[in-house]
Amino acid sequence: MTIFRSAPMALNTSNRFLLQRTKLFDLVRHNSHKTQEFSKVMVANRGEIAIRVFRALTELNKTSVAIYSEQDKLSMHRQKADEAYLIGKGLPPVAAYLNIDQIIDVAIKHNIDAIHPGYGFMSERADFAQACKDNGIVFIGPSADVMRQMGDKVAAREAAIKANVQVVPGSSGPVKSADEVREFVNQYGCPIIIKAAYGGGGRGMRKVDDPKDVENAFHRAFSEAQAAFGDGSLFVEKFIERPRHIEVQIMGDQYGNMIHLYERDCSVQRRHQKVVEVAPAPHLDEEIRQKMVRDALKLCKAVGYQNVGTVEFLLDNKGNHYFMEVNARLQVEHTVTEEITGVDLVQAQIRIAEGKSLKDLKLTQENIHVHGSAIQCRVTTEDPALGFQPDSGRIEVFRSGEGMGIRLDSASAFAGSIISPHYDSLMVKVIAHARNHPNAVSKMKRALKEFRIRGVKTNIPFLMNVLDQPKFVDGSVDTYFIDEHPELFQFTPSQNRASKLLKYLGEVEVNGPQTPLVTELLPKNVEPPIPRLQHGQIAPSGWRNVLKKDGPEGFAKAVRNHQGCLITDTTSRDAHQSLLATRVRTYDLAKIAPFVSHSFSSLFSLENWGGATFDVSMRFLHECPWERLERLRELIPNIPFQMLLRGANAVGYKNYPDNVIHKFCDLSVKSGMDVFRVFDSLNYLPNMVVGMEAAISYTGDVSDPKADKYDLKYYLDLSDQLVKAGTHILGIKDMAGVLKPEAAKLLIGAIRDRHPDTPIHVHTHDTAGAGVASMLECARAGADIVDAAVDSMSGMTSQPSMGAIVASLERTPHETGLKLSNISKYSAYWEICRQLYQPFECATTMRSGNADVYQHAIPGGQYTNLQFQAFSLGLGDKFDDVKKMYAEANEVLGDIIKVTPSSKIVGDLAQFMVQNNLTKENVVDRADELSFPKSVVEFLQGQIGQPPYGFPEPLRTKVLRGKPKIDKRVGEDMPSLDLEKLKQTLEEKHGRKLRDVDVMSSAMFPKEFDDFERFRQQHGPVDKLNTRIFLTGLDVAETTDVEIEKGKTLTIQLLARGKLNNKGEREVFFELNGQMRSIFVRDEEASKDIVVRPKALAGVRGHIGAPMPGEILEVRVKEGDKVNQKDALFVLSAMKMEMNIEAPVAGTVKRIYLGKGEKVSAGDLIIEIEALSN
């Protein structure tokens, strides 16, 4: 009939006869073909496409039948069908869906009228279509003959040439060996592309840019094609540079009628696999469009094509289009064509297979119009940050994007779904339809932003980058788009905070506290009272405003001219370090901070950082010390912050290079620090980097006329040197609390007389109970500032009571300016808050102060720790002996100043002497035969500095036994640390961008930082949990609110804990924001005897693990082999994709843990390489 539509000839008698005859013939032909109505239709596929066909069948009122493999027993497509039958029992996952005999048997047994093949698997297998026909079953697709011709890319090529459609130069038939590919390369040159003859989707496809890669590419393509399509046949063609990938959707009935449904642009590809598809193709010249659709129709008519299919072209930048292949099936991206044309392609397939004509379906070319623009994004379970490695596992959370213009086609997209490693990684197809391409992009972006998927990695971050790229929004992309835009692979990782917090709470529920508890007491379920402040009230000016305005010198001068005694509040640092093992969290400090800012603006400073708080916050509290400082500075802008800096040890326990110390101080200031109280554990001046305040560590008793060490002259000489060095404030740091009231009056009075213009700041501990008296004497003798802790956090090994000092100085020239009423409210908060920290409460063993500190001089914080240790070891009744041995150890070392780290050295020696039944006499006699603690040896070498009265002899010589001695500042000879290199190493190890403060944490405490970083990445912002729940978790049915950021609060309830499964795990059930969530947690105690495969350790470059779940196809090395970087180690297959896993470092293969044929999980350690030393 079309001949008369296109031939403008006069209708003479013979022509009229011919017309009538033709019409009559067509009518007879049409009426002679019997149509049928299918009752039952099987879909020989799985997943999303199976469900898509089921939906069409339901709309057509037909019975849908599914088949499923053993591995798909719980898959959604099985549940969506009206009937479902198992196939391929005992077969591998993919092979089950390729078993033609079983599929046909099931179809016959259950009276199946027709089979829809979907896409992939056997959708382009002519033998499957033939088997259906031979058994009286309709195959919904082209005929077997057409499939043989079109499904075979080589035969399709030949048909295109015969139809006078331009093709890309390629092999005339399937290539049988790599040698044939080389011959093609010799003739046409590189680049070339090797393709599977019987499949698509990027599988069995390899681009070759260099002739030397032909062998490997051929074998990998063959293996992939064989696994994915059951046929490893390959062909090869010239690779067209910079093409657009345009495909034309065609549809033909059984009567020779053929239409097109316009085109799709599939140029956004990765590894030749389509990622994003657009219809119609943006900015496609209309003349070129018409040429392409005409060629598509011409080819399909020439071969007698029927049903739905796609003709694919490559369009070069000169407007030339080349036939590439015919997909004789429904395409994954058929959805965008449906959206712009309004035609249900799947229903049309079924109706055409029933014998309906296009006219019956009211599908004529004149009726096909384009309405708007559509985009499809394939959301897959692949990790774009790791080269799109497929991920598998359990979906813990699934929330999709929806709304106007959004369509979702999925199968496994729901919470609790198990993503199998055996099949394609497609999770859900998201289709956006709008009036034009830019609007469709906006809709798609909005929809993808709404998605929340947890438990498996997805490619959504990559898709969002594609949609944000201006060239994509403009619509002008080619197949090089992804390769030429590396910024598409720069991702902002999902924080996934809620899931991580649930994991933490699950760990606590199953395995107990994740920070060691010291006592048997548990935190009380209390809510500390926060004094109310008037909303919008601005904090009054404080001493920090003076510091910012006048600078350090002006600030020191203002302090010296101030009338009255200023107070430094140690509640936020030294008080809880001494009483609660340094365990107080930022969570509780931040809650009371606004009240402190408004009610204590006259404080000289808040000591809230440094000392042991730095490493303890990472090790035990799992929070960043820098974030604590920054958070408190945000809440308290008006009061100076003060920290304890251990000279050349900074906040650590060893010497650091000078550049590290300087950088640490610089970063501290930027983060909010104001006053550095700098000290050295031996008062060794070269180690004291003079900051705002240089502190003299106090020991001995200057009021004792018999003292031959550490007398008044010693301290006055030190003060002279520090003032000369330029200190702004002179500090006296009495770590042990041995500064008696009389000695305080004598010492401070003498220093005040010697240095009348320099402010004096005194710190003590109240171990003996005389702290308040001593601080009052200091104030009267001329001290400008004294340290105190709020009443409920004072006394014993902490600082003296703030309330007592303030009350005692009221109505005197030394009045502090603080109000007792505010102190009372402040104290009430900490009195209740302290009950949350009962697991670390020193009062469980220490009931009162003890004046014997004047004999042993153990520093406050160390005193508490030693007592804890003694009681935990059952030596509580021996603690007096421990204290006496501490005093003896101090004498053995030459009566040194005892401040961290020197106090630890004395403690180590004391324990060593107790363990070896040594006395202060015989330890020296036997020194040349004993193995002393490392800290003692390093002290005697001079590693921490030079003691003021020299090293003890002959002890030093006997212990060192020829080891080198250091008689100068250690830092002088220490090479600078390359902080930029360290940063690069850490970012590579931990997989994220780090701040300079993170690098500094690592420089100070490398292991602690690595452990903290790994913990936070795994468990999220646990610092946002309230303290009781952080320490001991939720009770069953208990609910807690967690504010993860301003305006975002999680509501979490613990529901139940499941029984132990065969993997040694327990399922823990929560309700998160009203939705049920569950996680599996390994029970460490109950699963001790369960054998677990070792995992590749993050950051260990010689550990090569499985990047994804799958099967090892080949191991290319053996133990003892020497390998170079990037040498192939093993081949892994997963989700029908093969990967060559290469060596990340050069070295020797130390051990192969798993071999060929082993099924592996992501992270399983496969090979260990002993890396070559640099």
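Modeller: Helices are DSSP runs of H or I with at least four residues, strands are runs of E with at least two, and both are numbered from the N terminus. By that rule the protein has 40 helices and 42 strands. This is a predicted model, in which local features need pLDDT of at least 70 and side-chain atom pairs count only at pLDDT 80 or more, while totals for chains, interfaces and linings use all residues. Residues are numbered from 1 along each chain as its sequence is written, and side-chain values use heavy atoms, with hydrogens and water left out.

Biologist: Why is Lys 195 called buried?

Modeller: Buried means under 20% relative accessible area, exposed over 50% and partly exposed in between, with a 1.4 Å probe and protein chains only. Lys 195 has a relative accessible area of 3%, so this residue counts as buried. Lys 195 lies in strand β6, residues 192–196. Of the 1174 residues of the protein, 58% count as buried.

Biologist: What makes a polar contact for the side chain of Lys 195?

Modeller: The partner is the side chain of Glu 237, at 3.1 Å. A polar contact is a pair of N or O atoms within 3.5 Å; within protein, one must be able to donate a hydrogen and the other to accept it, and residues adjacent in sequence count only if both atoms are side-chain atoms. With contact meaning heavy atoms within 4.5 Å, Lys 195 also touches residues including Gly 204, Met 205, Phe 235 and Met 324.

Biologist: Which residues of helix α7 are buried, and what covers them?

Modeller: In α7 (residues 126–134) they are Ala 126, Phe 128, Ala 129, Ala 131 and Cys 132. Their cover includes α6 (100–109), β4 (114–116), β5 (138–139) and α8 (144–151). Gly 136, with a positive phi near 70°, follows α7.

Biologist: What is the peptide bond from Cys 190 to Pro 191, cis or trans?

Modeller: This bond is cis, with omega near 5°, and Pro 191 lies in the loop between α10 (178–188) and β6. The bond from Thr 900 to Pro 901 is likewise cis, with omega near 10°. Pro 901 lies in the loop between α32 (879–892) and α33 (902–915).

Biologist: What lines the largest cavity?

Modeller: On a 1 Å grid over the protein atoms alone, a cavity is a set of points where a 1.4 Å probe fits but cannot get out, and lining residues have an atom within 4 Å of a point. Among the lining residues of the largest cavity are Asp 569, Leu 589, Asn 608 and Tyr 826. Helix α21 gives the most to this lining, with four residues.

Notes
1 Å grid on protein atoms, 1.4 Å probe; cavity = no way out; pocket = protein on both sides within 12 Å on 5 of 7 lines; lining within 4 Å. Lists of a residue's contacts leave out its neighbours within four places in sequence.
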